[in-house]
Amino acid sequence: MKSSIFSRALIKCVRFPAKLSLPAPAAVAPWPISRISFDGWLAGELDGLRSQRHQNSPNVSCSSATWFIHALDVAIASQTFAMKSFSNMYREDDKKAIEDHVEDVVELLDACNYLREKIEGLRNYIDLIRIVLHWLDGNSRPNRTVLERVRVLLDSCEGSEKKFTKLEKCSSNLTKLICKGSRGAKLGSYETELYEILSGSKAITSLAIAAIGIMLSFKTKRGLPTARAGEILPLWSSSFNELRKEMKEEIEKRRKFGGIFLNELRNTITAVKNLRNLVNSQRLGNEDWQRELKVNVEELRKSCGGIEEGIIKPLEGRVNELYKHLISVRLALLNIMPQ
């Protein structure tokens, strides 16, 4: 994608000192720095995400923006954990793990840019809807001229949906990273304390980005990969693969019933569709039609505000924060690698 060229140039050409000024860590459970504490901490956070997923409240299920914001918080915290581990855990045996991770972070940075495109596309979609609402606001009995203008704008919304769908171009390497990070190492290959931390932070970050990209789509054929077990597994791997399995099943189930969207986004798409049908019917003299149009406009107004405050702003902030952490991790790794 366009922004990946800049990302690669930036992170390959700039060298920072080993001690970096990092963004504040995400609001998740604190940890001490040790191998066991990382495994226990990450397993606990993953189990917490699984527990939320099974709650009946739509505000904390894995189909809600709130749940994915928490998943990004865990991903950000895992990157902070990795940064704090470099000076304490680096050994010569870590050289291969660091070289691999340095390259893998480039894919994660590109994936963050992919999510930024998704979020920007969603913002443009909401802006179009608000223009429609402006034409209908306070116009309890719109004439045919107003309805024609609204119809054209709603067609633009539909075109935006199709364009938004074409953003299904997240690198297939992101899927590989999910599997690579969670299946552990083969017998006889490198596996150190730092390797496990880098592996865990990469796995949860890849999963969060991939799943959010899917749930921000109007239509998608993309799903999550099937879990594949390795021979040497960290303690958190079981929780991770269970979470990934459950999310994959949820995505497949939602696809069968007409679409994979965040709950908040699904409601807006349905309301836009209903408004389009009402406008096309143009029953201008019908009182029931007038009341239904007014209710639909008010519903869309609330929905747009909810998406702006509950999805766009918090997700955009988390993705930007994650991007900064990934750059800091990669530059720090480059600085501790032997020349």
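# Reading a helical model, feature by feature

Buried residues make up 52% of the 339 residues in this protein.

Q: Before we start, what sort of model is this, and what is left out?
A: This is a predicted model, where local features need pLDDT of at least 70 and side-chain atom pairs count only at pLDDT 80 or more, while totals for chains, interfaces and linings use all residues. Residues are numbered from 1 along each chain as its sequence is written, and side-chain values use heavy atoms, with hydrogens and water left out.

Q: How many helices and strands are there?
A: Helices (H or I, at least four residues) and strands (E, at least two) are DSSP runs, numbered from the N terminus. Here you get ten helices and zero strands.

Q: What does "buried" mean for a helix such as H7?
A: Buried is under 20% relative accessible area, exposed is over 50%, and partly exposed is in between, using a 1.4 Å probe and protein chains only. In H7, 22 of the 23 residues are buried.

Q: And what length does H7 reach from its first C-alpha to its last?
A: The expected span of a helix is 1.5 Å times one less than its number of residues. H7, residues 193-215, reaches 34 Å, close to the expected 33 Å.

Q: How do I read the angle at which H4 and H10 cross?
A: Axes are lines fitted to C-alpha atoms, for helices over the stretch in contact, and angles run from 0 to 180 degrees between N-to-C directions. Angles under 35 degrees count as roughly parallel, over 145 as roughly antiparallel, 65 to 115 as roughly perpendicular and the rest as oblique. The axes of H4 (residues 95-136) and H10 (residues 287-336) come within 9 Å and cross at roughly 160°, so H4 is roughly antiparallel to H10.

Q: Which classes of residue make up the contact of H4 with H10?
A: Ala, Val, Leu, Ile, Met, Phe, Trp, Tyr, Cys and Pro count as nonpolar, Asp, Glu, Lys and Arg as charged, and the others, Gly among them, as polar. This contact has 31 nonpolar, four polar and eight charged residues.

Q: Is glutamate 308 buried or exposed, and what does it touch?
A: Contact means heavy atoms within 4.5 Å. Glutamate 308 sits in H10 and is buried, at 15% relative accessible area. Leaving aside residues up to four places away in sequence, glutamate 308 touches Arg123, Arg130, Lys313 and Pro314.

Q: Where is threonine 270?
A: Threonine 270 is in H9, residues 263-281, and counts as partly exposed at 41% relative accessibility.
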